[in-house]
Amino acid sequence: MVDLSWTLGHAQTSYTHHPSPIPLRTNSGRKTNFSILASTSIPSCRLNPLLFNGHLQTMYTARKNPGPPIYYKRKVFTSTHSVYPGHFAVDFVIDKETGAKQKVDPALPERTSNFSPEEWSAIPSGDTKPLLIALHGLTGGSHEVYLRETLAPLTALGWTACVINGRGCALSKISTPQLFNSRATWDMRQLVLTLRELFPNRPLYAVGFSLGANILTNYLGEEGSKCILRAAVACSNPWNLEICNVALQSTWLGLEVYCRTMGQNMKGLFEQHKDQILKNEAIDVDKVRGSRYLFEFDRYIQAPTWGYPTEGAYYRDAQSVDALLAVRIPFLGINAEDDPISSKAAIPFEEFKQNPYAVLCTTNWGGHLGHFQLGGGRWFATAASSFLAKMHDEIDHEASKAEREGTKIDTPSKAYPIFDPNHRRLILPDA
């Protein structure tokens, strides 16, 4: 029998998780677990039936859409990393009344201005408002509609928020020969520590989109049990970059539409920042300008810039599929199985089953950063914001953490061999 549920906009939603998800305590003292909370916080997926497959949903993201008006103040930070110095820009959400009065800066994205020294000195606060950190997708920034659709319902509830822009993105300047990359977790780490100093009482949460979701997952895996975020969401994460690269090149649409478009977007960033990038003598400008596809750009720019021998080595090192196993905070992944960019073949279903801190929500339809609904807006943005709101409003995080510490969830079952998720290798004794 032919399934025609799509004609009514009904997408199928599935959940993948560990057989025994982490226990949680609500503010009322009731016991629940992470998979129950995640699935009950996410609304049914109802999409625009005119955009009836992943390609249409994905291509629809290119249409002009003003989205919700979010206003920002920008702060440029100096990196403290010993190997990758430089600068990165973070955009902090401000209220609409203040934003509407701020002076337009043509050197910044719309609705964005720089903090004055006096404004920045006044930003520290002892309040307890939840703070959301957002990481955008490839060549994006705080201006992206999908990102603002996720932030808008939460900031309307009183949340504070900021967006960490990849180096060179969102009209930010670079002062070293490096753009962002898919493993660049160091700026995120520095920002989290800075936010903890500025706002010692604010509970911190995070959401990442596409490449930003990959960076966020890597960061969470690297932090492990030391992570001070309360919960996080990864939307349209490509997970296994090598598989996604092969899948993109295997079809005409994948190669000539998606791979070419992303490659051209990256070349646009190169042209904006070529004076800095070409200070790296390993960059061949003719090869960069002659490239057409994303993987060629990664071969001629990202690999030599960051010290990788090939783009394949870069993908294998930067992908977050294994880092997922090391995540030790409540973590929700949201993916569409018909996503032509973040391939279904790359989604780590089995890894989600191995980590009690993680829940994966997949839909059979929705595309890449799409999930467009008939009445407007994106379903995944609603799902992510609803999950985060419920995690903050209903869960007693200290009681939940204490209950987990009383279990053996994080106790290794044996000494050797030990799999290191962040380095993708087994650790064995010397002899």
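**Exercise 1.** Locate Asp-339 in the fold and state whether it is buried or exposed.

*Solution.* Asp-339 sits in the loop that joins strand E11 (331–336) to helix H13 (349–354). Helices (H or I, at least four residues) and strands (E, at least two) are DSSP runs numbered from the N terminus. Next, take the accessibility: Asp-339 has a relative value of 4% and is buried, the class under 20% relative accessible area, with exposed over 50% and partly exposed in between (1.4 Å probe, protein chains only).

The model is predicted: local features need pLDDT of at least 70, side-chain atom pairs count only at pLDDT 80 or more, and totals for chains, interfaces and linings use all residues. Residues are numbered from 1 along each chain as its sequence is written, and side-chain values use heavy atoms, without hydrogens and water.

**Exercise 2.** List what Asp-339 touches, leaving out residues up to four places away in sequence.

*Solution.* With contact taken as heavy atoms within 4.5 Å, the list is Ser-236, Gly-367 and His-368.

**Exercise 3.** Which residues does UniProt mark as "active site", and why do they gather at one spot?

*Solution.* The unreviewed UniProt entry places this feature at Ser-210, Asp-339 and His-368. They span 159 residues in sequence, yet no two of their C-alpha atoms are more than 11.0 Å apart, so they gather at one spot. The positions follow the numbering used here, the feature name is shortened, and the annotation may be inferred rather than shown by experiment.

**Exercise 4.** Place Ser-210 in the fold and give its burial.

*Solution.* Ser-210 lies in the loop between strand E9 (204–209) and helix H7 (211–223). Its relative accessible area is 9%, so Ser-210 is buried. Beyond four places in sequence, its contacts include Gly-137, Cys-235 and His-368.
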